[in-house]
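Visitor: I would like a close look at one part of this model. Please take me through it briskly.

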Amino acid sequence: MLRSSQPLTGPNRRRCREDETLLGTILDEGERGFIIDTRSAQAAKQARMTGGGTEPKSSYPQWKRLHRPLERGRPLQESFAKLVEACGDPSLSMDRWLGRLESSRWLSHVKAALSTACLAAQCMDREEAKVLVHGAEGTDTTLLVTALAQVILDPSCRTLVGFQGLLEREWIQAGHPFHLRCAHSAYSHARLKQEAPLFLLFLDCVWQLSRQFPFSLEFGEHLLLSLFDNAYASAYGTFLCNNEKERSLCKVKESTHSLWAWLTRPEEQQKLLNPLYSHNALVIWPSVEPQSIQLWQGLFLRWIRPSQHLDEAWAEIQRLVEEN
């Protein structure tokens, strides 16, 4: 699986021989590959007016392009804000609350992200084909799809250490602009143009996987909640800045501590591990049917609904596992 930004073909349909050669050498003779574009066909076409675009079929004859549009900007941020607003209103009746939940479209975004990741995973696992994923810049929905596809396909990415490596590789080093995307949150009155909860959407999708496959992920919900908290406000430098260049200029590694160093401490690891975990070497194919996608109550309702009983049940499960 490969990832990139959009090709800069522009309105004159410029060609890049180096790109054509690179993608050509990846495929053997007679082999085919899939390009998954996370923009709609119309959006990709409009991008040509500003210098972007898509791969021309004539220049990439062995590659088939598939458009699977995923929201990444203002619509996603507004969806997040509407969901948080609905979850924070205790006066709503059940019918009104369910209506607000549906109108926020957050669960639709979760479904779309999981569906696109499953498509990429199926191309690789069942078609045994090479896959290139890109959107506009290649640092938002592109990373969402490639990271989720790896969790679905690769059991090592479902371990605590492997998942941390995945985040470092697919989100931090790949240049997801955390400073711009996580500038405030849905609780802020400010609405910055570049703000969007892409990383939260990824964490929500991983939570959906952990709920559908409770034995297959070595870590539990506590890790996902910690990652969400640290992405927006952190005492560590892991999610600071927008890319590796900025982190280097700001001397982040020299001036701050790593979140991973804290999470890998034995006493912290004990809180993060899933006591029900059993290594599963198989691919995990999630259901994306409406009844299978649920609201992540542990995050969106954690300040409203007490978690005491769940925490006690989790502690009891850990005790029983340790005794056996």
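Which residues of helix 7 (residues 160–172) are buried? Please go on from there to the parts around it in your account.

Guide: First, the ground rules. This is a predicted model, where local features need pLDDT of at least 70 and side-chain atom pairs count only at pLDDT 80 or more, while totals for chains, interfaces and linings use all residues. Residues are numbered from 1 along each chain as its sequence is written, and side-chain values use heavy atoms, with hydrogens and water left out.

Now helix 7. Its buried residues are Leu160, Gly162, Phe163, Gln164, Leu166, Leu167, Glu170, Trp171 and Ile172. Buried means under 20% relative accessible area, exposed over 50%, and partly exposed in between, with a 1.4 Å probe and protein chains only. Helices (H or I, at least four residues) and strands (E, at least two) are DSSP runs, numbered from the N terminus. Helix 7 has 13 residues and reaches 17 Å from first C-alpha to last, close to the 18 Å expected at 1.5 Å a residue. That expected span is 1.5 Å times one less than the number of residues. An α-helix has 3.6 residues a turn, so residues three or four places apart point the same way.

Helix 6 (residues 141–153) also has 13 residues. Helix 6 spans 18 Å, close to the 18 Å expected. It is mostly covered, with 13 of its 13 residues buried.

Next, the loop between strand 4 (130–134) and helix 6, which holds Asp140. Asp140 has a relative accessible area of 2%, so it counts as buried. Its side chain makes a polar contact of 3.3 Å with that of Arg72. Another, of 3.4 Å, joins the side chains of Asp140 and His176. A polar contact is a pair of N or O atoms within 3.5 Å; within protein, one must be able to donate a hydrogen and the other to accept it, and residues adjacent in sequence count only if both atoms are side-chain atoms.

On a 1 Å grid over the protein atoms alone, a cavity is a set of points where a 1.4 Å probe fits but cannot get out; a pocket is an open set with protein on both sides within 12 Å along at least five of seven lines; lining residues have an atom within 4 Å of a point. The largest cavity holds about 30 Å³. Grid points are joined across faces, edges and corners, and a volume is the space filled by probe spheres set on the points.

The second largest pocket has a volume of about 500 Å³. Its lining has 25 residues; Leu70, Glu71, Arg72, Gly73 and Thr141 lie nearest its centre. Helix 5 (residues 106–125) gives the largest share of that lining, four residues.

Last, the cysteines. The structure holds zero disulfides, a disulfide being a pair of cysteine sulfur atoms within 2.5 Å. The sulfur of Cys123 is 11 Å from the closest cysteine sulfur, in Cys118, which is too far for a bond. Cys157 is in no disulfide either; its nearest cysteine sulfur, that of Cys118, is 15 Å away. Cys123 is buried at 5% relative accessibility, and Cys157 is buried at 3%.
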